[in-house]
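Hi everyone, thanks for coming. I'd like to walk you through one structure today, so please have a look at the screen.

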Amino acid sequence: MQFEAVIGLEVHAQLQTRTKIFCGCTPAFGAPPNSHTCPVCLGMPGALPVLNADAVDKAIAAALALGCTVHEVSEFARKNYFYPDLPKGYQISQFDRPIATGGQVDLEVDGQAVHVGITRIHMEEDAGKSLHEGTGDPNLTGIDLNRAGTPLIEIVSEPDLRTAAAAAAYFTYIRDVLVAIGVNDGNLEEGSLRCDANVSVRPRGQAAFGTKVEVKNVNSFRYLQKAIEYEIARQSAVVGEGGSIAQETRLFDPDAGRTFSMRSKEEAHDYRYFPEPDLPMLVLAPGQVARVRAAMPELPAARRARFVAQYGLPAYDAGVLTQDPEVAGYFEAVAAVAPAKLASNWVMGDVLRTLKEQDVAIGTCPIAPAALAELLGLVDAGTISTAAARQVFETMWATRESASVIVEREGLTQVGDESALLAHVATVVAANPDAVASYQAGRVQAIGALVGQVMKLTRGTANPKVVHALIQRHLDA
Ligand SMILES: [Zn+2]
């Protein structure tokens, strides 16, 4: 039997606000346990929540960026459950009147168009965290409420995804959009972006859904793909052998590469939602949606298309450069001065590679866009070779000097003057009889090795085109 997977994702994204959703505490990550708390986020009796206006604006921005309809009126609700990291015994969330509904994301995955409907986006507060280590007693579980009250949105998709790869691509798209509009920091390791997947399988051609399993808290794009792949294979095998799928919540174990059961449907909570009595209805101000829309930066997909149209870049380059808005901005600053394709090659290549190697963020890159543009200008004008430019780049990175200062001091100006190069050509030809014989036997590409030797001898200052012509003339004579 052939099976088809049906997948929907629930993405929880922390809103990048200065304070928590209902109090003045900071939601900053990594502080000593319980240091960012107050009576409101500790759930003290009588403490009342006050809604953070910036959190509302950021939820609206996310909704607009994902093509949703933002509702002028929405409502907070209590989601009741009992857990140690939830001090009030309920989470303030939104239930039947969320802030936004009905969006759509259009993707291309492995050459196939994928359309994913967005059911709803609702606002809620995060819970605290249980600490099973570092309490000083292995039998003790600590509670850290720094995260309690952190503003979140939950983005619920329709069950429109059919493959693990498409699910990972959708989650990546959501991350890129939220980061681009400054709503979320995109940090999966610290948990400011989290994802649960609902996965079921059905025989190909069947319209009815199979029983779905929820896979919780997968904290990387790769793990999400692996967890879903595992679930599809597991469920297909069970159904294929005539078994039935238990409706349950499962967790992914990255080390074992498999999911395992966390709780069954029988243990699932009945949340007894009801309207939050301590908060009024959320009524947006006149013009609030329009104001957020007007302040929204360009979205990654639009920027990608513009990079192709405006700079004549291949789609691949545009995709790489727009993944991170800061990288895109860096590229645009370089391309404002230097030729666009040259700028793209250098940003995608040397810049991104060196940042990664040195673990430096683009915002603190030691080579400013204008400095890189100057270097590329020297390459474009033929003043220095690409090989010499690589050396200059390394020196610029280390010393923050300008390209022209380094080129001048180290004598890296490209030598295109034939007479200056002839002696080097003669030396290299004499020292490499094998390559010469190979060339003369008809292997024209053997000349490349000789060009490389001259480049080495001249520390990259020779003009490789001139060298190539000189060697060819020398050998053909
Ligand atoms: Zn607080």
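I'll go from the domains to the sheet, and then to the helices. Keep in mind that this is a predicted model.

Let's begin with the overall layout. The protein is divided into domain 1 (3-288), domain 2 (298-410) and domain 3 (418-476). Taken over C-alpha atoms, the centres of domain 1 and domain 3 are 62 Å apart.

Now, the sheet. It is open, and its nine strands come in the order β2-β6-β7-β10-β1-β11-β12-β13-β14, with mixed pairing. At the edges stand β2 (69-70) and β14 (258-264); each has a single partner strand, so one side of each is left without a neighbour in the sheet.

Let me zoom in on one pair. Strand β1 (residues 3-14) and strand β11 (residues 193-203) run antiparallel and are joined by eleven bridges. Within this pair, valine 11 stands opposite cysteine 195 in β11.

What packs on the sheet? Helix α1 (residues 53-65) does, touching β2, β6 (100-109), β7 (112-125) and β10 (151-157), and its direction makes about 165 degrees with that of β7. Helix α2 (residues 164-180) packs there too, touching β1, β6, β7, β10 and β11, at about 115 degrees to the direction of β6.

And which helix does α2 pack against? That's helix α3 (residues 221-240), at an angle of about 150 degrees and with the axes 8 Å apart. That makes the two helices, α2 and α3, roughly antiparallel, and their crossing is right-handed. Among the residues that meet are Ala164, Ala168 and Phe171 in α2, and Phe221, Leu224 and Ile228 in α3. The contact residues of α2 and α3 divide into nine nonpolar, two polar and one charged.

Definitions and conventions: Residues numbered from 1 in each chain as written. Predicted model: local features only at pLDDT ≥ 70, side-chain atom pairs only at ≥ 80, totals over all residues. Pairing = 2+ DSSP bridges. Helix = DSSP H or I, 4+ residues; strand = E, 2+ residues; numbered from the N terminus. Contact = placed C-beta atoms within 7 Å. Axes fitted to C-alpha atoms, helices over the stretch in contact; angles between N-to-C directions. Domains from an automatic or database assignment. Parallel < 35°, antiparallel > 145°, perpendicular 65-115°, else oblique. Left-handed = near helix turned anticlockwise from the far one by under 90°. Nonpolar A, V, L, I, M, F, W, Y, C, P; charged D, E, K, R; others polar.
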